[in-house]
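Biologist: Please take a close look at the charged side-chain pairs in this protein. Which ones meet, and how exposed are the partners?

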Amino acid sequence: MYTYLIVDDEMVERKGIRMLLGRMGIRENVLEASNGEEALEVMKQQKVDILLTDINMPFMDGIELLSRVHESDPALETVIFSGYDEFSYAKKAISYGVSAYILKPVNPDEFEKTIRGIVERLDKSQMEEKRKDESISFLKEHILYLMVYGQSKASLAGKTLGILDLSFIKDYRRMMLLECSANCFEQVNEEKLLKIRDVLDMKFQYLNLNPSQSLLLFTEEAAIGWEALGRKLYFYLKEKFGWECFLAISEDMKKEQKELSACFAEVEQMMEQRFYHTGSHVFLPFREEQSEIYVQVDAEILIHQIQQDIRMKDIESLKDHFGQFVKRYEHQTVFSQVYIKFLFSNLLKEIYDNLEDTDERELDREIDQLYRSNDMNGVILAVRSGIARLEKVFASEGKGYKRREVEQIKQYIRANYQDGNLGVDQMAREVGMTPNYLSSIFKKETGENLSRYLKNFRMEKARGMLENTNEKIGEICQKCGFSNVSYFCQSFRECYGISPQKYRDQGE
């Protein structure tokens, strides 16, 4: 679909041209401008394929517009309209590469014939350009295949016959080898590649090595880190297409100054690690310290939340947080198996410490079994089995269990509601929780948002003071923890549908 720009200082004329285009079925991507200056502004903002312009216009006429356009885009298809049948106009227009010269009033048949001729010419040009691009793309892929499988850049220079400049090869930074157990890459088409590019938010050159292997070549570094990018692609391919893939990512080829074949040999060797690391799907020859620190920090938070879930007897949150913990480590390759088992055994111990009907010998047996696990699944199942046992114990205690921390927070609010700085952060510190976690359990226990509970408590206190004291509105505002009288009055109206002063007047 092409974009048309109609340029004429007469609105009626513009509508007429738009109507003629509409008769041809062209109703979308039709832009308008009232003079040459305005047209140039439009063309700065959007690509125009066909320019339809009048000659005689104020500020900048059609001939000057053609002159300016011809400098920046000499191949642009242009049609000029004029009520002046003068050779000088046509001569100037021809020098600027005009496609057609139509006299006013415009003959509809002549107009349609002209536009269809231009569209046909554009279609043909686009087809030729597409074929040329496809030929270059095919040659580019062929050269890359040869280089990946051992041929040097020097040996291939003469084979391109000057059609393809091989300098593009030095721009590649990383290669990512993908391998699937099934013949997944037989199914890859342009649509799937576009989706993968959108998911990664990175450009890459795709090489389909064989039905079970493909190679991605990147010219830029991954903003989120290569390990994170690899995991992101792994989960996407698994969830979207049901593929079980392994990924190996090379070092910086530009930095190492290695041939593509040498880098490919390295990622192939890394791919062999999948036989020795059950549960790992992303392999790298380098460590990303930032990524490792990020994982450790997140793990500490999750462990703390899991401990609180157990203490609070909140099984649903426990399952959710343990699920996040599993995702964090299930496909993590930068830590040893011993370290992973150590982390999960600590969680198992935390669970068994809350099971009254177990002894240390039973816990020792469970931990010993966890350490004997041959893969990640055995480690995960050991902890999940403990959670299931914990769930039964909590269920037997009945649903009337009161969360001590929630009651503690309520008492804290009653004692400190006058503090204008009192908020969720301060209350969370009081009970040693994260603000999000405290808000979550408070809502589960009371059915009310914690911030809303605090505000309503203050409103009740304010209402009582309005009824039972003669204190000024400003004083009540401060005593109830509000520093801004306007906000206090607004909050009171939201809560009771009336201003504090009117509420007091009515009571009197």
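**Salt bridges, pair by pair**

Modeller: Start with K410, which has a relative accessibility of 19% and therefore counts as buried, since the cut-off for buried is under 20%. This is a predicted model, so everything here describes the prediction. K410 has a salt-bridge partner, E407, with an N to O distance of 3.9 Å. The rule asks for a nitrogen within 4 Å of a carboxyl oxygen, so the pair is counted. Where do these two sit in the chain? Both belong to helix 16, which covers residues 404-416. They are three residues apart, so about one helical turn separates them. E407 is partly exposed, because its relative accessible area is 29%.

Now move to helix 5, residues 108-148. Here R116 and E112 form a salt bridge, 3.0 Å from N to O. The spacing is four residues, which again means about one helical turn. How exposed are these side chains? R116 has a relative accessibility of 43% and counts as partly exposed. E112 is also partly exposed, at 29%.

Next comes D49 with K47. Their closest N and O atoms are 2.6 Å apart, and the two form a salt bridge. K47 is exposed, because its value is 61%.

Not every case is a simple pair. D8, D54 and K104 are linked in a network of salt bridges. How many salt bridges does the rule find in total? The count comes to 23.

Last, a word on confidence. The chain has an average pLDDT of 82, and 86% of the residues score at least 70. Over residues 288-297, however, the pLDDT is below 50. That stretch still has 14 contacts in the model beyond near neighbours in sequence.

Key:
Residues numbered from 1 in each chain as written. Predicted model: local features only at pLDDT ≥ 70, side-chain atom pairs only at ≥ 80, totals over all residues. Heavy atoms only, no water. pLDDT = per-residue confidence, 0-100. Contact = heavy atoms within 4.5 Å. Salt bridge = Lys/Arg side-chain N within 4 Å of Asp/Glu carboxyl O. Buried < 20%, exposed > 50% of the residue type's maximum accessible area, 1.4 Å probe, protein only.
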